[in-house]
Amino acid sequence: MNARLRAFLRRQREAGLYRSRRVVDSPQGREITIDGRRLLNFCSNDYLGLAADPRLAAAARGALDTWGTGAGAAHLVNGHFRPHHELEEALAAFTGRQRALLFSTGYMANLAVIAALAERGSPVLEDRLNHASLLDGGLLAGARLRRYPHADPAGLERLLERADGPALVATDGVFSMDGDLAPLPELAEVCARHDAVLVADDAHGIGVLGAGGAGSLAHFGLDAQRVPVLVGTLGKALGTAGAFVAGDEDLVEYLVQRARPYIYTTAQPPAIAAATLESLAIAREEDWRREHLDGLVARFRRGLASLGWPLPASGSPIQPLRVGGSGAAVTLSRELERRGCLVTAIRPPTVPRGTARLRVTLTAAHRETDVDVLLETLASVGPVAEN
Ligand SMILES: *Cc1c(COP(=O)(O)O)cnc(C)c1O
């Protein structure tokens with residue numbers, strides 16, 4: 001076995017695709033200590049700057065004293081604690097839906113939704129650039145998974161016209177590696193015409209978009225009738241961990257009975273749910289975080305334009321700079337790091353071949369001067385090859 005594994009590892013290295021972990025010695029924030037160096041941090045999904053907020057830590061500490069660390073069992077046995085229950089009620093109110101169901105990770109929530117709602121052999125249609133977990137859900141279901149061209153309602157409609165049986169359609173709300181927003185109203189329209197169920201994974205929209213940070217669907221004014229299944233994650237803008245599915249009573253009860261990634265796993269620690277209740281309240285109330293973040297995104301884009309660089313097709317805090325080759329992306333990332341800015345290179349298979357990129361993310365924890373430093377540093381390493 002080891003010879004086979006070593007051969008694979010060698011090929012990955014040669015292709016510039018080898019992945020390795022770095023050790024972090026500080027909380028998330030505008031700066032981070034990683035592998036012993038203090039760097040400006042432009043690759044966190046902590047969009048509202050809440051991951052290290054002392055109010056969240058205080059809520060978690062209080063809950064640790066009350067409930068202990070581990071949930072000790074699955075939700076359906078005796079691991080469904082009061083903070084989990086209250087968080088589900090708060091998430092239902094936050095998203096304006098009848099019910100919400102808590103999951104331990106977004107990956108599991110997506111597996112659960114697709115696998116529970118798709119029948120074996122039934123059509124599941126997904127955006128070509130969807131998050132891996134939505135695609136894996138289709139595999140778990142044994143469904144007939146087809147991908148439609150990125151953000152293309154007409155392309156989806158062509159597949160739906162040929163699909164037999166009730167189809168499930170899934171899309172990211174904000175695309176994780178491109179930062180663009182899915183055309184959700186048009187996708188919902190096409191789904192309604194073909195009696196298909198639309199699932200939106202709003203991992204990068206929750207907390208960031210829409211009034212009070214209620215997400216991409218709130219941004220577009222789409223309710224549970226247009227988009228029946230909403231998945232949100234808690235480890236990004238909300239600064240904690242876990243995920244939820246929000247929708248009608250029937251959907252949530254069905255998932256509780258049927259969704260294996262819900263049933264066969266230990267509930268998340270109740271202290272995490274308590275911290276999320278706190279962050280949800282903060283995310284709703286502190287509009288200044290979203291306003292500041294919007295200002296930083298605009299500042300970064302103005303700066304790129306004045307450098308004469310191509311602008312990413314994204315209005316979100318995810319501002320990817322396309323490089324093309326994996327090797328070139330890694331080299332550029334190393335150069336930026338040498339000059340004090342942490343921007344990770346994203347390579348295949350996370351993104352399609354030939355589209356390796358530097359995925360710049362901004363958060364409400366950044367200052368305007370941090371954006372200026374990043375722009376100066378980018379200018380000093382030279383233009384990106386393509387975009
Ligand atoms: C991060 C992410 C997930 C997975 O969420 P986790 O809670 O990190 O497992 C799902 N979908 C999208 C679009 C994501 O970006």
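**Conventions.** I number residues from 1 along each chain as its sequence is written. Because the model is predicted, local features need pLDDT of at least 70 and side-chain atom pairs count only at pLDDT 80 or more, while totals for chains, interfaces and linings use all residues; side-chain values use heavy atoms, with hydrogens and water left out.

**Ligand.** I looked up the shell first. There are 14 residues around the ligand, and Gly106, Tyr107, Asp201, His204 and Lys236 come nearest; a residue is near a molecule or strand if one of its heavy atoms lies within 4 Å of it. I sorted the shell by type and got two nonpolar, nine polar and three charged residues. For that sorting, Ala, Val, Leu, Ile, Met, Phe, Trp, Tyr, Cys and Pro count as nonpolar, Asp, Glu, Lys and Arg as charged, and the others, Gly among them, as polar. Helix H5 (residues 106–117) gives the most to the shell, with three residues. Helices (H or I, at least four residues) and strands (E, at least two) are DSSP runs numbered from the N terminus.

- A side-chain N or O atom of Asp201 is 2.5 Å from a nitrogen atom of the ligand.
- A polar side-chain atom of Lys236 is 2.6 Å from a ligand oxygen atom.
- A backbone N or O atom of Tyr107 is 2.9 Å from an oxygen atom of the ligand.

On its own the ligand has 380 Å² of accessible area, and the protein covers 81% of that. Areas come from the Shrake-Rupley method with a 1.4 Å probe; for residues, only the protein chains shown count as cover.

**Seven-stranded sheet.** I read the order as E3-E9-E8-E7-E6-E4-E5, in an open sheet with mixed pairing; two strands pair if DSSP finds at least two bridges between them. Strands E3 (99–103) and E5 (144–148) are at the edges with a single partner strand each, so one side of each is left without a neighbour in the sheet. Neighbouring strands are turned by 20 degrees against each other on average, direction ignored. E8 (residues 229–233) and E9 (residues 243–247) pair antiparallel over four bridges, and Thr233 has Ala243 in E9 as its bridge partner.

**Three-stranded sheet.** I found a second open sheet, antiparallel, in the order E10-E13-E12. Six bridges join E10 to E13 (residues 356–361), with Ile318 opposite Thr361 in E13. Helix H14 (residues 326–338) lies across E10, E12 and E13 at about 35 degrees to E13. Contact means heavy atoms within 4.5 Å; axes are lines fitted to C-alpha atoms, for helices over the stretch in contact, and angles run from 0 to 180 degrees between N-to-C directions.

**Loops.** I placed Arg30 in the loop between H1 (2–14) and E1 (31–34). The Arg30 side chain makes a polar contact with that of Asp370 at 2.8 Å.

I checked the backbone last. Most residues other than glycine have a negative phi, and most peptide bonds are trans. Asp35 has a positive phi, near 45 degrees, and is in the loop between E1 and E2 (37–41). The bond from Pro348 to Pro349 is cis, with omega near 5 degrees; Pro349 is in the loop between E12 and E13.

Definitions and conventions. A polar contact is a pair of N or O atoms within 3.5 Å; within protein, one must be able to donate a hydrogen and the other to accept it, and residues adjacent in sequence count only if both atoms are side-chain atoms.
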